[in-house]
Amino acid sequence: MHRTLGVCYYPEHWPEDRWETDAAQMVANGLSWVRIGEFAWSLMEPQEGVFDWAWLDRAVETLGKAGLKVIMGTPTATPPRWMIDKLPDMLPVDAEGRVRKFGSRRHYDFSHMGYREEARRIARLMAERYGNNPHIAAWQIDNEYDCHDTTLSYSDAARTGFQDWLAQRYQSTDALNRAWGNVFWSMQYDSFDQIDLPNLTVTEPNHPHVLAFRRYSSDQVVAFNRVQAEELRKHTDAPLIHNYMGRITTFDHWKVGADLDIASWDSYPIGFLSDRIEGTPKEKQFYLRQGHPDNQAFHHDLYRAVGRGRMWVMEQQPGPVNWAPYNPAPLPGMARLWAWEAFAHGAETVCYFRWRQAPFAQEQMHAALLRPDAEPAPALAEAAQVAKELAAMPDVGTAKADVALVFDYESAWAWDVQPQGADFDMFRLAFAAYRGLRRAGLNIDILPPDTRDLSQYKLVLAPGLMQISEALQSALSTYKGIALLGPRTDTKTDELSIPTPLGPHLPGVDVSVVVTESMPPADEIPLEGGGAFLHWFEHLEGTAPVRLKTAAGQPAIMGSDTLRYLAGWPNDKTFDGFIRELCEQAGITAHDMPKGLRLRETDTHRFVFNYGRNPRKWGDLTIPPAGVHWEAL
Ligand code: GAL
């Protein structure tokens, strides 16, 4: 496959006589895709029912004629101001009950049926107009679901929709009362319309009530996306894409992804390091201008799976962003390294965000490939270099892995609702396991929780799964490699209660969690022979062999050669030790990666990336800072 580069462009931000120059310069620098349209509703339909498509027709024509392929965005993340007069109750409401006003973006409620129809309408009109346009080679639906915390809304529309959803799921309030354990604190309901949203309660609301609302809210995102996908499919064969974000777990990406053709995501490595990745101050200082060396890889692997093998980066950070607490510039070379790393993980296309820095409005401090004065910014030359390198390379090969990590969104909601310890977070736990695997230089596939077949993997990790799905149970019952489950795996019912017999329920392995502890970060539980658990520790019972004990003699790992249950959250060094041992037993070659160096293999190439600030040795090679090395296998 020929891998490609692209860029996000806003023709409506620039004088029309500039478009041709911009397009020619994009092509001259080796870019082949351009994404447009996703925030331009107020120009497409300045008043209700009054359309101006002419400017967009000309923009598509100009870009297409220059040789660019267009990704057309539906503009539903930014409904125009007149829409609020028409549908005043479409604005989202925060958990404190305050309306979130017009004046930025994403000011809509996924539950509002009137707005959902407006989204369907604009998607249909765009599909009718551009579905057969030869320059449009892909579509993006909306932009970054959940950006600015917009999955959950506590509006009237959400309450009505939730009640209806509950009535369908439970059929009777008796069944709901039983499922939720509402006898506790006299919380029984007699009719579905008595059930409010789980905000503003005196103390914490009942956990299954909140989990139901999280499930309902995720379903609304899926449905909102689906109506647009349906309209587009009627008029185009081009692939449909959504661009997801980093570390967003509020809706089920597996379900949204099932309605689309490609999963793309928005990669802002330096913004994320500052904004949403845990790390010691020393680590954050070391990676200040590079981003965390495993964050991009994790999301590439996750979204490759969400896209059922098809993954893009729709927005790649080019320079300082405007939205993180601190916004340093990338180390020279990083805009190239990030793109190569995406390709090594299977990305078909990497688009930089954005073509030219806007001198106005909210993101005027956000860098681009061009400066506000249209002079090249540093990332332009790096993008052009990647384009030349891609042209010289036949292909980067297909991603392949011996190791799999199971990741589940419902479990993320369950543990948000019931953390039981301030540091317990699903993404954080899965990412801790993933980082350990990356420090061992391994290739990893991320799998959905209903995976039916594990036979291609030698090692599978499944931490933090609220339940083990039937599909996964059956895959595990015939599995021949090593599966390490836990901590906190399969210890709940579907309604977030404690099952009896106690979980986990592992095929052929008798082990159960009988007591659960969480600890502050400074209080670790030492293990026999070195290493320690932090944050989380489960007391295990059962007849399965104890494979490792804590220093105090309690079981730390129990299970068979194939299926093992891990009782705690290993600290990083302990993860390293476990992974080394598991790899030896599973017949996987593990490495001890020098600080900042990361490996990734495809079926044809080995890539080495230096996320460090200093040159690093890899065998006989010295990789410079922000350096990328590849060799054919
Ligand atoms: C993304 C978003 C873009 C832009 C960018 C800035 O989250 O999709 O529209 O806001 O961030 O970094």
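This is a predicted model: local features need pLDDT of at least 70, side-chain atom pairs count only at pLDDT 80 or more; totals for chains, interfaces and linings use all residues.
## Cis peptide bonds

Another cis peptide bond joins Thr500 to Pro501, with omega about 0°. Pro501 is found in the loop between β12 (482-485) and β13 (512-518).

## Positive phi at Asp142

Asp142 is not a glycine, yet its phi is positive, at about 55°. The residue sits in the loop between β4 (136-140) and α6 (156-170).

Is Asp142 buried or exposed? The relative accessible area of Asp142 is 0%. Buried means under 20% relative accessible area, so Asp142 counts as buried.

## Positive phi at Trp185

Trp185 also has a positive phi, about 60°, and is not a glycine. Its place is the loop between α7 (173-180) and α8 (207-235).

Trp185 has a relative accessibility of 57%. The cut-off for exposed is over 50%, so Trp185 counts as exposed.

## Summary by residue

- Pro501: cis peptide bond with Thr500; loop between β12 and β13.
- Asp142: positive phi of about 55°; loop between β4 and α6; buried.
- Trp185: positive phi of about 60°; loop between α7 and α8; exposed.

Key
Residues are numbered from 1 along each chain as its sequence is written. Side-chain values use heavy atoms; hydrogens and water are left out. Helices (H or I, at least four residues) and strands (E, at least two) are DSSP runs, numbered from the N terminus. Buried means under 20% relative accessible area, exposed over 50%, partly exposed in between (1.4 Å probe, protein chains only).
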